[in-house]
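I opened this model to look up a few backbone, packing and core features. My entries follow in the order in which I took them.

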Amino acid sequence: MSMIFTPTNQIRLTNVAVVRMKKTGKRFEIACYKNKVISWRNKLEKDIDEVLQTHTVFINVSKGQVAKKEDLIKAFGTENHTEICKEILTKGELQVSDKERHSALDSMFKDIATTVANKCVNPETKRPYPVTMIEKAMKDTHFSVKPNRNAKQQALDVIPQLKAVMPLEQAQMRIRVVVSGKDARKLRDKIIKLVPQLETEKWDSGTLNIICLIDPGNYREINELVNSETKGSGLLEVINLKEVVEGDEVLE
């Protein structure tokens, strides 16, 4: 019966994401679970054991070669593997294969296009564009995905660029505001300045009831205005998130 001898300083790992850092002229690597490194850096994952496959610092993860104690002390001032793992996890470079990188960028490109399609309409028809048309326009403007920013932020960045090649505007939000009291008229004048289209305005025994279309980007400002001016007694209600025409009907 033959025995297979594995050196004690070698550890074999599978399904691994490697984070690498060079220090004092040497390379140090840690083995992490895929998809967990970004979650840790975004502070979504707090449990280090969910991120690290092993609390071990390597000089080469794929070969299972563990870093020497004297090299760790020289580079990091400690031999505590967990503390060193945390530093590499935070500051190191995540190693990703070309195939994985392209796949991740393609996926984010589609997410950005989908976000734009959901937020915007053709201002002439009030109809949404198919995601494929938004993707084509993004390619025409040579938009490049930034992997360290989320899809929503990048969608807001790309909208002005797309306006240069196609008719596009952010779909508007329909809201109702109900306020009463002596400050109602003053509040009404402030709101009107932020509203591109006032649909209805009714006064009943000193109570103002207005329905209007707004740019979604102004919602927070209007909400804060209503709350501060009425000390919480005013009502701000979203009737529908966007005015989109489909067929001959307006979707409510």
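**Notebook entries**

I began with S205, which counts as exposed because its relative accessibility is 75% (exposed means over 50% relative accessible area, buried under 20% and partly exposed in between, with a 1.4 Å probe and protein chains only). I noted that this is a predicted model, in which local features need pLDDT of at least 70, side-chain atom pairs count only at pLDDT 80 or more, and totals for chains, interfaces and linings use all residues. Residues are numbered from 1 along each chain as its sequence is written, and side-chain values use heavy atoms, with hydrogens and water left out.

**Positive phi**

I found S205 in the loop between β9 (197-204) and β10 (207-214); helices (H or I, at least four residues) and strands (E, at least two) are DSSP runs, numbered from the N terminus. The phi of S205 is near 50°, a positive value in a residue other than glycine. I also looked up K43, a residue other than glycine with a positive phi, near 65°. K43 sits in the loop between α1 (36-41) and α2 (48-51), and its 62% relative accessibility makes it exposed.

**A184**

I placed A184 in helix α8 (residues 184-192). A184 is buried, at 2% relative accessible area. Leaving out residues up to four places away in sequence, A184 touches V179, W203, G206 and L208 (contact means heavy atoms within 4.5 Å).

**Aromatic rings**

How many aromatic pairs does the structure hold? I found 1 (rings of Phe, Tyr and Trp, the last by its six-membered ring, pair if their centres lie within 6.5 Å; planes under 30 degrees apart count as stacked, over 60 as edge-to-face and the rest as tilted). The ring centres of F28 and F76 are 5.2 Å apart and the planes stand at 70°, so the pair is edge-to-face. F28 is in strand β2 (residues 26-33) and F76 in helix α3 (residues 69-76), 48 residues apart. F28 is buried at 0% relative accessibility, and F76 is buried at 13%.

**Cores**

I counted 20 residues in the largest nonpolar core (a set of buried Ala, Val, Leu, Ile, Met, Phe, Trp, Tyr and Cys residues joined through side-chain atoms within 4.5 Å). Among those with the most contacts inside this core are I112, V116 and L168. Helix α5 (98-119), α6 (131-140) and α7 (151-163) each supply at least two of its residues, and α5 gives the largest share, 6 residues. Apart from this core lies another, of 19 residues, F28 among them.
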